[in-house]
Amino acid sequence: MSSKTVREPLLHIVKRDEIPAKKAMVLRIVAFLLALIAGGLFMLSIGCNPIEVYQTIIVGCFRSNMAIQATVKIMIPLVIAALGVSLAFKMRFWNIGAEGQIIMGGVFASYFALFHSDWPHWVLVIVMFLAGALGGAIWAYIPTFCKVRFNTNETLFTLMLNYIAYYIICFLRDGPWCDPNSPGFAKIATFDDNATLDKVLGVHSGWIIAIILLVAVFIYMNYTKQGYELAVVGGSSATATYAGMNVKKIMIRTMLISGGICGIGGMIQATGADATLSVGVAGGVGFTAIIIAWMASLDPRIILIISALFAILEKGSRVVESNMGISADSSAVLQGIILFFIMGCEFFFRYKFQGRAKKGSE
Amino acid sequence: MRKVVGIMATVAMLVCFAAGCSSSGGSGSGAAGSGAAASGTAAASGKMKPIAKDKIKVGVIHITDPAEGAGYTYTHDVGIQAMQKEIGLEDSQIIRKNNVPDTDPAKIETAMRDCIDEGCNVIFATSFGFMDVCEKLAKEFPEVYFSHGTGYKCNGVNFNNYFGRIYQARYLSGLAAGLQTKTNKLGYVAAMDNTNAEVTGGIDAFAMGVAKVNPDAKIYVKVTGSWFDPEGESQAAQALIDSGCDVIAQHCDTTGPQTAAEKAGKWGVGYNSDMSKDAPKAVICSVMWNWGAYYTAAVKSIIDGTWDGTNYYGGMKEGLVTLSDLSSFADPKAKELIEAAKKDMLDGKFNVFDGVIETNDGKKIGEEGKTLSDEEITGKINWYYKNVEVK
């Protein structure tokens, strides 16, 4: 036999045409309901009443001013980091390094919080803000420079820089910035009150910065020449070059802004939320932000909504853990199930399964 | 854990990108934000108002999960349960926040605020790293009692610290271990080096107990550099066993050193909880905390209004520190010696760090007829007793 028959798989995945917005919305709602049902089955299997669990999540986030404030505090870094990465993603630059950029923003700002806490409060806050932005921007510049100069892979490069940033904090904590008043437990000293962000309505003023950034990024993306340029580069860098754009320059400029925004997030987390620099300054926010940015289709307005949902899920799960006595692992599974469905539905927007083609066709 | 999930989700997404799909996915790992500028009013000076028993609500902040069944967090939670039983609190009067990372102030603060939001008026924070957040929130919530374990700060009003003379039990365990050893080499797995007075003082007390019954024996110390390191602690114990030690004592959180000793057919001295449960053939005795003694006393003082906001430093006398029963294979002479030494401690005739103490680098500490002050014991012991060698 000379010819070999290639058996087609029973099902295969094919790209589908754009589906109408209305249908997409229906699909999303269905996915969300399925997520609640699947999560509920899991809750039943470990002996919890699912309705009570979902109720506790919502109540736990909104039952009091303090609960709402706590939810907002979780939201702030998520919004800022998601805004940062969405600029890069719009350009199709895979910035997986938000985590490291947040950390470096925190490190740079912390230098002034630790060693110049005697400066006038507003001068210090502004300097820390700029330092945070600079720290994040430098951490984003390194992989971008290598990308435009040596065509390195930015995904791996930015990812690896996260770990370097993490160990820089460990180094500072165990070495030069170690709090001498804490024997046997290496940590960086708590910042002076003068070096921490003021509270507005019971939450550190990072929320105001987050709103300003959100508006600024929205305008930048949609109504400026630079925002248009980065979208063109994202569409096709060949087109951009043909149109006479300096792709390298646009790439570096956009990444400096992207990293700078993430760095501001780190500064806010260190000087607003933590009042110290800890290894948990980013705490996975940089990775969650990537998910948020994509779930929001890189639209700053939707980023706000998705971040709120993430914050509610996170804060509410913690309340469920302590109120209903379930373990942290179980609530992580619940969060995972819900996200799995919502992420799965995005897949079905673009692809569909197709049965094996009939014999003889094609 | 959550971070790992986040990273995995991200990797999964990258695979998705490679296929040219712009879907989205992942799992929740948002770090908690929280307020910092402690703009709250300072706690009013003077005594705190007592709280009626049925109005008390206790929030407990744990670094890991009591479900581990042994070790540090478990031991604290056993103490909380003992307090609940002793005082007679309902289950709904106690809230636990488990797995609160001690390196993330924002998450610690969220957990404590959650407790306060749920109506807690007493917070017990059981791990060292929670100290600064307690200090900060105590300012903001002057009506809430904050009690932090194993640190040193307090504000004299609504924030105190609790800790204890674990060195007393370590000395007693040294008596049993000194009699037990055949090779005259004893191993000691220590979490921290001599910059930490708690660990170093504990080693010295153990070594003094050993020297009392066995002047020829030496104590070999290995430092892991971490309070909780399951793998590192087992490895340190194994290294000590390989160098000829036949009794492994420990000042670290897991049962690793004891199970390593059992596997090698050696002996050991457990810590925190009764580790004869975990390594029945190895553990001669365990140096134990009975945190229930403090939790009960603290909640009682809050109910009857005698809480004074000062630091608590209890010992054998208060029942905070104990030594487990000796195992059946312990040296028969040990029991009597331990009982006698314990009696002297309870009577105040013997305080472990009495008189002139010789260090392993030839210095002399203390004065004849005196004993080291609590301040020195808790903060200044950075020397090792003469029969100690750090590896």
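Me: Which residue does V221(B) stand opposite in β15(B)?
Reply: In this predicted model, V221(B) faces V390(B), a residue of β15(B).

Me: How do β7(B) and β15(B) pair, and over how many bridges?
Reply: β7(B) and β15(B), the latter covering residues 388-390 of chain B, pair in the parallel sense over three bridges.

Me: And which way do β6(B) and β7(B) pair, parallel or antiparallel?
Reply: They pair in the parallel sense, over six bridges. Strand β6 spans residues 185-190 and strand β7 residues 218-223 of chain B. Within this pairing, V189(B) stands opposite K222(B) in β7(B).

Me: What unit do β6(B), α6 and β7(B) make?
Reply: Together with helix α6 (residues 197-213) of chain B, the strands β6(B) and β7(B) make a right-handed β-α-β unit.

Me: Changing topic to chain A: how many helices and strands are there?
Reply: Chain A has 13 helices and four strands. Of its 362 residues, 46% are buried.

Me: At what angle do α1 and α2 of chain A cross?
Reply: The axes of α1(A), residues 21-45, and α2(A), residues 50-62, cross at roughly 115 degrees and come within 8 Å. The two helices are therefore roughly perpendicular to each other, and their crossing is right-handed.

Me: Which residues of α1(A) and α2(A) meet there?
Reply: From α1(A), the residues are L36(A), G39(A), G40(A), M43(A) and L44(A). They meet P50(A), V53(A) and Y54(A) in α2(A).

Me: What share of the contacts in chain A between residues at least 6 apart in sequence join residues at least 24 apart?
Reply: For chain A, that share is 78%.

Key: Residues numbered from 1 in each chain as written. Chains lettered and ligands numbered in written order. Predicted model: local features only at pLDDT ≥ 70, side-chain atom pairs only at ≥ 80, totals over all residues. Buried ≥ 20, exposed ≤ 12 C-beta atoms within 10 Å, placed from the backbone. Contact = placed C-beta atoms within 7 Å. Pairing = 2+ DSSP bridges. Right-handed = clockwise from strand over helix to strand, strands pointing away. Axes fitted to C-alpha atoms, helices over the stretch in contact; angles between N-to-C directions. Parallel < 35°, antiparallel > 145°, perpendicular 65-115°, else oblique. Left-handed = near helix turned anticlockwise from the far one by under 90°.
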